[in-house]
Amino acid sequence: MRRLHYSGSYVLTSDEVSKALLRYARALADTHTSDVVTIPVVEEGGAKEWAHFLIGPASQLYSTPVAESVDEFDDPELVEELMRRTRRLQPSVAEWPDMMPDDDLGYEQEEF
C-alpha cells in the first residue's frame, strides 16, 4: 500500500496503481500533455472508493510506503490501461522492472 501525495493531501492506493500512475504522469510531463485518471483508493474507514486526478506537466505527485497494516487491493485492468497509455506516449523507455524498485534502492535507508 502506498500513500499518494497530491495537491497538499494524500490518498491510499495499491503499490501497483501508484507506480503505474507515477509512470503515466512522467510520460505526460515529458510530452507536455495532461489527462484525468480515476484510481481506486482506501477511505479513512477502510472502504474502497474512487478518486479522480488531473495529471500533467505541473503535477506535484509522489508516493510513500504505508507502515500501518492496511488490506491491500489491486486493480490489474487499471494498471494495464495506465501502462498502455504510458507506452503510447513513451514507447522506448526503460523496462518496467528496472523502474521504481520497492526495496533495492542501492543504499542503506536510515530510520528517522
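Because they sit 4 residues apart in helix α2, Arg85 and Glu81 are separated by about one helical turn. Keep in mind that this is a predicted model, where local features need pLDDT of at least 70, side-chain atom pairs count only at pLDDT 80 or more, and totals for chains, interfaces and linings use all residues. Residues are numbered from 1 along each chain as its sequence is written, and side-chain values use heavy atoms, with hydrogens and water left out.

**Salt bridges**

- Salt bridges that share partners tie Asp35, Glu81, Arg84 and Arg85 into one network.
- The structure holds 4 salt bridges, and one of them joins Asp35 to Arg85, with the closest N and O atoms 2.8 Å apart.
- That pair links distant parts of the chain, since Asp35 is in strand β3 and Arg85 is in helix α2, 50 residues apart. Helices (H or I, at least four residues) and strands (E, at least two) are DSSP runs, numbered from the N terminus.
- Glu80 and Arg87 form another salt bridge, and their closest N and O atoms are 2.9 Å apart.
- How exposed are the partners? Asp35 is partly exposed at 21% relative accessibility, and Glu81 is partly exposed at 25%. Glu80 is partly exposed at 39%, and so is Arg87 at 35%. (Buried means under 20% relative accessible area, exposed over 50%, partly exposed in between, using a 1.4 Å probe and protein chains only.)

**Nonpolar cores**

- The largest nonpolar core has 19 residues, of which Leu21, Val37, Ile39, Phe53, Ile55, Leu61 and Leu82 touch the most other members. A nonpolar core here is a set of buried Ala, Val, Leu, Ile, Met, Phe, Trp, Tyr and Cys residues joined through side-chain atoms within 4.5 Å.
- At least two residues of this core come from each of α1 (15–30), β3 (35–42), β4 (48–55) and α2 (76–89).
- The biggest share of this core comes from α1, which gives 7 residues.
- Apart from it lies another core, with 5 residues, including Met1, Val42, Val66 and Phe73.
- What does Phe53 touch, leaving aside its neighbours within four places in sequence? Phe53 is in contact with Leu4, Tyr6, Val11, Asp35, Val36, Val37 and Ile39, where contact means heavy atoms within 4.5 Å.

**Strand β1 and its partners**

- Strand β1 (residues 2–6) has 4 of its 5 residues buried, so it is largely enclosed by the rest of the structure.
- β1 and strand β2 (residues 9–13) pair in the antiparallel sense over 5 bridges; two strands pair if DSSP finds at least two bridges between them.
- Across that pairing, His5 stands opposite Tyr10 in β2.
- The hairpin of β1 and β2 has 2 residues between the strands, and Ser7 takes a positive phi near 55° in it.
- β1 is also joined to strand β5 (residues 61–65) by 5 bridges, and these two run antiparallel.
- Opposite Arg2 stands Pro65 in β5.

**Confidence**

- The protein chain averages a pLDDT of 82, and 78% of the residues score at least 70. pLDDT is the predictor's confidence in each residue, from 0 to 100.
- Over residues 103–112 pLDDT stays under 50, and the model has 0 contacts beyond four places in sequence for them.
- Where pLDDT is low, the predicted coordinates should not be read in detail.

Note on methods
A salt bridge is a side-chain nitrogen of Lys or Arg within 4 Å of a carboxyl oxygen of Asp or Glu.
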